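User: Please show me the model. I would like to go through the labels attached to it and see what each one rests on.

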Amino acid sequence: MIKCLLLKTGITLISEMLEVGAEVGEPDCQLINPCQILENGEFSRWPTCTDQKTLMLGSDNFLTIADPSQEILNKYKEVTG
């Protein structure tokens, strides 16, 4: 499922997201092809320090999760192929 994620740091991401079983305190969400949605509406691969396309992140880092608008979803699919 593709979701928009607002992180506690204020960063907004769009990514395919899978919940995975994990011990308390360990990362429990797998993000596939995460992109940051910039203020100008452009997308940037996230994080920029790696070429990895699959990352693990703890759900405790999320402020909220929402369904993307159709326009954002279409743009994400264009960017990630």
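**Labels and their grounds**

User: Why is M56 called partly exposed?

Analyst: M56 has a relative accessibility of 42%. Buried means under 20% relative accessible area, exposed over 50%, and partly exposed in between, with a 1.4 Å probe and protein chains only. The value for M56 falls between those limits, so the label is partly exposed. The model is a predicted one, in which local features need pLDDT of at least 70 and side-chain atom pairs count only at pLDDT 80 or more, while totals for chains, interfaces and linings use all residues. Residues are numbered from 1 along each chain as its sequence is written, and side-chain values use heavy atoms, leaving out hydrogens and water.

User: Where in the secondary structure is M56 found?

Analyst: M56 is in strand β5, residues 54–57. Helices are DSSP runs of H or I with at least four residues, strands are runs of E with at least two, and numbering starts at the N terminus.

User: Which residues form a nonpolar patch with M56, and what makes it a patch?

Analyst: L18, V20 and M56 form it, with about 220 Å² of accessible area together. Patches take residues with over 30% relative accessible area and no salt bridge; nonpolar side chains (Val, Leu, Ile, Met, Phe, Trp, Tyr) are joined within 5 Å, like charges within 9 Å. Areas come from the Shrake-Rupley method with a 1.4 Å probe, and for residues only the protein chains shown count as cover. At 42%, M56 passes the 30% limit.

User: How do you know whether C29 is buried or exposed?

Analyst: C29 has a relative accessible area of 3%, and is therefore buried. C29 lies in strand β3 and touches L18, E19, V20, L55, M56, L57, S59 and F62, not counting residues up to four places away in sequence. Contact means heavy atoms within 4.5 Å.

User: Which residues make up the largest nonpolar core, and why is it called a core?

Analyst: It has ten residues: L5, L7, L13, M17, C29, L31, W46, L55, L57 and F62. A core is a set of buried Ala, Val, Leu, Ile, Met, Phe, Trp, Tyr and Cys residues joined through side-chain atoms within 4.5 Å. The elements giving two or more residues to the core are β1 (2–7), β2 (12–19), β3 and β5. Apart from it lies another core of six residues, among them C4, I37, F43 and Y76. In soluble globular proteins, nonpolar side chains tend to be buried together.

User: What makes K3 and D67 a salt bridge?

Analyst: Their closest N and O atoms are 2.3 Å apart. The label asks for a side-chain nitrogen of Lys or Arg within 4 Å of a carboxyl oxygen of Asp or Glu, so the pair qualifies. K3 is in strand β1 and D67 in the loop between β6 (62–66) and α1 (70–80), 64 residues apart. K3 counts as buried at 17% relative accessibility, whereas D67 counts as exposed at 57%.

User: How many salt bridges does a search of the whole structure find?

Analyst: Two. E42 and K75 also meet in one, at 3.8 Å from N to O. E42 lies in the loop between β3 and β4 (43–45) and K75 in helix α1, so the pair ties together parts 33 residues apart in sequence. E42 is partly exposed at 43%, and K75 is partly exposed at 27%.

User: Why does N33 count as buried?

Analyst: N33 has 17% relative accessibility, so the label is buried. N33 lies in strand β3, residues 29–37, and has a positive phi of about 55° although it is not a glycine.
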